[in-house]
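Please look over the sequence and the model shown here. Then read the short report below it.

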Amino acid sequence: MKVLMVSPGFPAEMPRFARGLSQVGAQVFGIGDQPEAMVPAAARHHLTAYLQVPTLWDEGAVIDAARRWLAPTGGVDRVECLWEPGMMLAARLRQALGTPGMSPEQTILFRDKEAMKQALDKAGIRTPHHFRCRTADECREAAERVGYPLIIKPIDGAGSADTYRLESASELEAVLPKLTHVPEVSVEEFIDAREYTFDTICADGRIQFTNIAWYRPNPLIARTVQWISPQTVNLRDTRRPELAPGRKLGRKVLQALGFRTGFTHMEWFLTDDGEAIFGEIGARPPGARSVDLMNYTCDTDVYVGWAQAVCHGRMTEPNARLYNAAVIFKRAQGEGRIRRIEGLDRLLTELGEHVACIDLLPVGAPRRNWKQSLISDGYLILRHPNLEATCEMADRVGRDLQIYASP
Ligand SMILES: Nc1ncnc2c1ncn2[C@@H]1O[C@H](COP(=O)(O)OP(=O)(O)OP(=O)(O)O)[C@@H](O)[C@H]1O
Ligand SMILES: [Mg+2]
């Protein structure tokens, strides 16, 4: 099996998927805009060959280059991309190279949040009331129809960028000038509810692996309030009765969008009334260490499991769920360089074996921009079979671990 992988070296998780492919016996041909020497060794070791292109965003040029490069190999069996901005390029490469997998038409349903919701509305799936808007007047009109509070966000957004919750027409007027660089937005009914994921690995339309994580707090709040240490809590027991509507919703969504093979990452809302409402879906894994959380939950290697599904049509890695696994992202107080980390020793003594991973910026490093990276200044991962114990420990890390920066 020969696989063309788009951007095997970036972002950070990609080398692990390249490893997965090579571990299940695939020959991996990487194509990316990084110079070969800059592709992390963790990816390079698993590549049969690598082609650097000047940019990944000139699709025609990338397709021509890939065609010429792959001709002597007799072509590839699959084209894989697990990075959101490269999804459409991968679809066009498939089309040009005649490989199976998602077409550009199918890909649009996972990239364009309006096209996505329209397809789901047609299938009778509950989505937030929504409108696509290109001008300020269209936004005003949509706001009248949706009512307040509402959400305004880019059609192809990521990382909650340019996403606002608005309470009134005057707030809308204040926000419109900030959105002039966004060509199209979605104006949506605000759903007041808990937020979860529904993630899968599928092979030929059959679900091989299911995962549910709980965002604490909701991402929009986490991305707006700096002092919060956002958590993603991967749930051991995805069969809890209150999650059943979300599982059902997830299966219906995959069917309605015709998803066949690979990773999916859906976000959904669970209201106090127990209703599951669709949020969004990507035809790719979640980022921000969420795939590692799946590994910690199941003591498995999901990177390999995904590759098995893609290359062999079946995931055979273990998938019994043993632990809740929580990642807690930390943000330093103050600007500049990390000067002090407080509370870590005590937490490690108290939480002991339940700490699965620590990855904090070292003292002396410049702190990161928390608005741009959910990872922020680093994170801890905890795991425990009991959900309440997991959340209690995660909250302690939020409260008792503090990082200080100064110029
Ligand atoms: N209709 C809505 N009702 C309530 N909250 C919403 C709604 N739409 C978006 N949000 C909030 O904004 C966040 C970001 O929205 P969404 O997931 O659609 O965009 P995104 O930028 O692709 O997110 P990310 O890349 O962080 O997953 C959601 O996780 C949720 O907290
Ligand atoms: Mg989202």
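The report goes through the model part by part.

## About the model

This is a predicted model, in which local features need pLDDT of at least 70, side-chain atom pairs count only at pLDDT 80 or more, and totals for chains, interfaces and linings use all residues. Residues are numbered from 1 along each chain as its sequence is written, while chains are lettered from A and ligands numbered from 1 in the order in which they are written.

## Domains

The domain assignment gives domain 1 (2-101), domain 2 (129-189), domain 3 (192-322) and domain 4 (326-407). Such bounds come from an automatic or database domain assignment. The C-alpha centres of domain 2 and domain 3 lie 27 Å apart.

Start with strand β2, residues 27-32. Helices (H or I, at least four residues) and strands (E, at least two) are DSSP runs, numbered from the N terminus. Five of the six residues of β2 are buried, so the strand is largely enclosed by the rest of the structure. A residue is buried if 20 or more other C-beta atoms lie within 10 Å of its own, exposed if 12 or fewer, and partly exposed in between; C-beta atoms are placed from the backbone.

Strand β1 (residues 2-6) pairs with β2 in the parallel sense, over five bridges. Two strands pair if DSSP finds at least two bridges between them. In this pair, Val6 stands opposite Ile31 of β2. The chain goes from β1 through helix α1 (residues 14-23) to β2, a right-handed β-α-β crossover. Right-handed means that, with the strands pointing away from the viewer, the path from the first strand over the helix to the second runs clockwise. β2 also pairs with strand β3 (residues 49-52), in the parallel sense and over four bridges. There, Gly30 has Tyr50 of β3 as its bridge partner.

## An open sheet

Next comes an open sheet of four strands, in the order β5-β8-β6-β7, with antiparallel pairing. β5 (130-133) and β7 (164-166) stand at the edges with a single partner strand each, so one side of each has no neighbour in the sheet. From one strand to the next, the twist averages 25°. Axes for such angles are lines fitted to C-alpha atoms, for helices over the stretch in contact, and the angles run from 0 to 180 degrees between N-to-C directions.

Four bridges join β5 and β8 in the antiparallel sense. Cys133 stands opposite Val185 in β8. In a regular strand the side chains alternate between the two faces of the sheet.

## Strand β9 and its partners

Strand β9 (residues 194-203) is mostly covered, with nine of its ten residues buried. How many bridges join β9 and strand β13? β9 and β13 (residues 262-270) pair in the antiparallel sense over nine bridges. Phe198 stands opposite Met266 in β13.

Strand β11 (residues 213-216) runs antiparallel to β9, and two bridges join them. Glu195 has Tyr215 of β11 as its bridge partner. Strand β10 (residues 206-211) is joined to β9 by five bridges, also antiparallel. Ala203 is partnered by Arg206 in β10. The hairpin of β9 and β10 has two residues between the strands, and Asp204 takes a positive phi near 55° there.

## Around ligand 1

Where does ligand 1 lie? Domain 2 and domain 3 both give residues to the shell around ligand 1, so the ligand lies between them. Of the 20 residues around ligand 1, Pro128, Gly157, Ile191, Pro219 and Leu220 come nearest. A residue is near a molecule or strand if its C-beta atom, placed from the backbone, lies within 6 Å of it.

β6 (150-154), β8 (185-189), α9 (219-222) and β14 (276-282) each supply at least two residues of the shell. By class, the shell has eight nonpolar, six polar and six charged residues. Ala, Val, Leu, Ile, Met, Phe, Trp, Tyr, Cys and Pro count as nonpolar, Asp, Glu, Lys and Arg as charged, and the others, Gly among them, as polar.

## Backbone details

Some peptide bonds are cis. The bond from Tyr148 to Pro149 is cis, with omega near -5°. Pro149 lies in the loop between α7 (136-146) and β6. The bond from Arg216 to Pro217 is cis, with omega near -10°. Pro217 lies in the loop between β11 and α9.

Ala288 is not a glycine, yet has a positive phi of about 50°. Ala288 sits in the loop between β14 and α11 (290-298). Is Ala288 buried or partly exposed? Ala288 counts as partly exposed because 19 C-beta neighbours lie inside 10 Å. Arg289 lies in the loop between β14 and α11, with a positive phi near 65°. Arg289 has 23 C-beta neighbours inside 10 Å, so Arg289 counts as buried.
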